[in-house]
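Dear colleague,

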Amino acid sequence: MSRLEGKAALVTGGGRGIGASIAKRLAADGADVAVTYSRSAEKAAAVVTDIEARGRKGLAIGADNADAAAVASAVEEAADSLGRLDILVNNAGIFGHATIEEATLEDFDEMVAINTRAAFMASKTAIRHMKDGGRIISIGSNLAERVPSPGISLYSLSKAALIGFTKGLARDLGPRGITANVVHPGSTDTDMNPANGPTADGQRNLMAIPRYGHPDDIAGLVAWLAGPEARFVTGAAWTIDGGANA
Ligand code: NAP
């Protein structure tokens, strides 16, 4: 029996990048998987095709993380369509570069709405459907722990908030046997942070293993946290960054 056989998962922003790798990996491990997207409808449909090719149920749901009601309704739709919900991966996110002099109130509100508030909304909705053994895994960033260059205060704030939120979730949901963890990737080769981008060499220079992570590296850790071996692991932050923050 596959380790996630009989489980149902929702991955926000599962149409591309790290989220797509996570969605495919959870399906490979036996779960039915719904993904949300905001702009990448075709890519999300391709991920669903991949999930279905593995003999699992797949579903793509349009939901902008900036719209709290849309996030809640995407969780409801995933639970209804898949018949249950065991695993929530709060992955969708944006990056923005602005120093404190440049950043606006609108930048703050957008960053926090998409990267932080949506995780609150999705988690709050998902726990109505989760049974004992449920999993909430949020994708933070190693920039939540260390801020090695200027211009990323809002991004770091939005991801650092997930640490406190995750600890609180762990306390609230532990008695129900639901775990909550935050995964902090470092430089990972996606559209957000391509391994051949203008700042890539500077990022590699910070790392103990001087290469970009592959989205599958992150998916492997998320899949482990989603599985039965991690049932006693909660309230924790998992840095996976090739040693950049070491
Ligand atoms: P990416 O390639 O830019 O993908 C971002 C994903 O988030 C896409 O699926 C996108 O969907 C979704 N998304 C963005 N804005 C959204 C919105 N308003 N509503 C719904 N979905 C939205 O980035 P990635 O590297 O895979 O990032 C995934 C997560 O990892 C993010 O939370 C990011 O902060 C985090 N992370 C990435 C790195 C890195 O180096 N790549 C490092 C640390 C943490 P659409 O295309 O449909 O909008």
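Which residue has a polar backbone atom 2.7 Å from an oxygen atom of the ligand? That residue is N91, where a polar contact is a pair of N or O atoms within 3.5 Å. Please bear in mind that this is a predicted model, in which local features need pLDDT of at least 70 and side-chain atom pairs count only at pLDDT 80 or more, while totals for chains, interfaces and linings use all residues. Residues are numbered from 1 along each chain as its sequence is written, and side-chain values use heavy atoms, with hydrogens and water left out.

Ligand oxygen atoms also lie 2.9 Å from a polar backbone atom of T188 and 3.4 Å from a backbone N or O atom of G186. The protein covers 96% of the 880 Å² of accessible area that the ligand has on its own (Shrake-Rupley method, 1.4 Å probe). Around the ligand there are 29 residues, of which R16, S38, S40, Y155 and T190 come nearest (near: a heavy atom within 4 Å).

As for the fold, seven strands form an open, parallel sheet in the order β3-β2-β1-β4-β5-β6-β7, where strands are DSSP runs of E with at least two residues, helices are runs of H or I with at least four, and two strands pair if DSSP finds at least two bridges between them. The edge strands, each pairing on one side only, are β3 (58-62) and β7 (236-240). Five bridges join β6 (residues 179-185) to β7, and P185 has I240 as its bridge partner in β7.

Best regards

Conventions. A polar contact is a pair of N or O atoms within 3.5 Å; within protein, one must be able to donate a hydrogen and the other to accept it, and residues adjacent in sequence count only if both atoms are side-chain atoms.
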